[in-house]
Amino acid sequence: MESEVGVLSYFLLSLNVFFFAYLAVTAPALYTTLTQEDNWVENLTVVWFLLAGILLWITALAERNFPRRWIYVLGGIALVFVAG
């Protein structure tokens, strides 16, 4: 299960990077519009960082390994900080 989630995560990240690189080359006006400050794409990024931080905290509650639990907690704090 963990490897499937990891593969899916890397696939979606790669797809996102290639999509925006493609837009930057083929449609610079659309790329500029989507990457402007205070646009819906930026607001959606904040929501994703916040959700990822909360999910890491939930994962930390279920984790039995003590050092790994604290890594999840610290990662969740970092992601919520980035969202802010």
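This note goes through the fold, the surface and the aromatic pairs of a predicted model.

1. Basis. The model is predicted, so local features need pLDDT of at least 70 and side-chain atom pairs count only at pLDDT 80 or more, while totals for chains, interfaces and linings use all residues. Residues are numbered from 1 along each chain as its sequence is written, and side-chain values use heavy atoms, with hydrogens and water left out.

2. Fold. The chain has four helices and zero strands, in the order α-α-α-α along the sequence. Helices (H or I, at least four residues) and strands (E, at least two) are DSSP runs, numbered from the N terminus. The radius of gyration is 16 Å, well over the 12 Å that the globule rule gives for 84 residues, so the chain is more spread out than a compact globule. That radius is taken over C-alpha atoms, and the rule is 2.2 Å times the number of residues to the power 0.38.

3. Burial. Of the 84 residues, 13% count as buried. Buried means under 20% relative accessible area, exposed over 50%, and partly exposed in between (1.4 Å probe, protein chains only).

4. Aromatic pairs. There are three aromatic pairs. Rings of Phe, Tyr and Trp (its six-membered ring) pair if their centres lie within 6.5 Å; planes under 30 degrees apart count as stacked, over 60 as edge-to-face and the rest as tilted. One of the pairs is F20 and Y31, edge-to-face at 6.3 Å centre to centre. F20 lies in helix α1 (residues 2-26) and Y31 in helix α2 (residues 28-34), so the pair ties together parts that are 11 residues apart in sequence.
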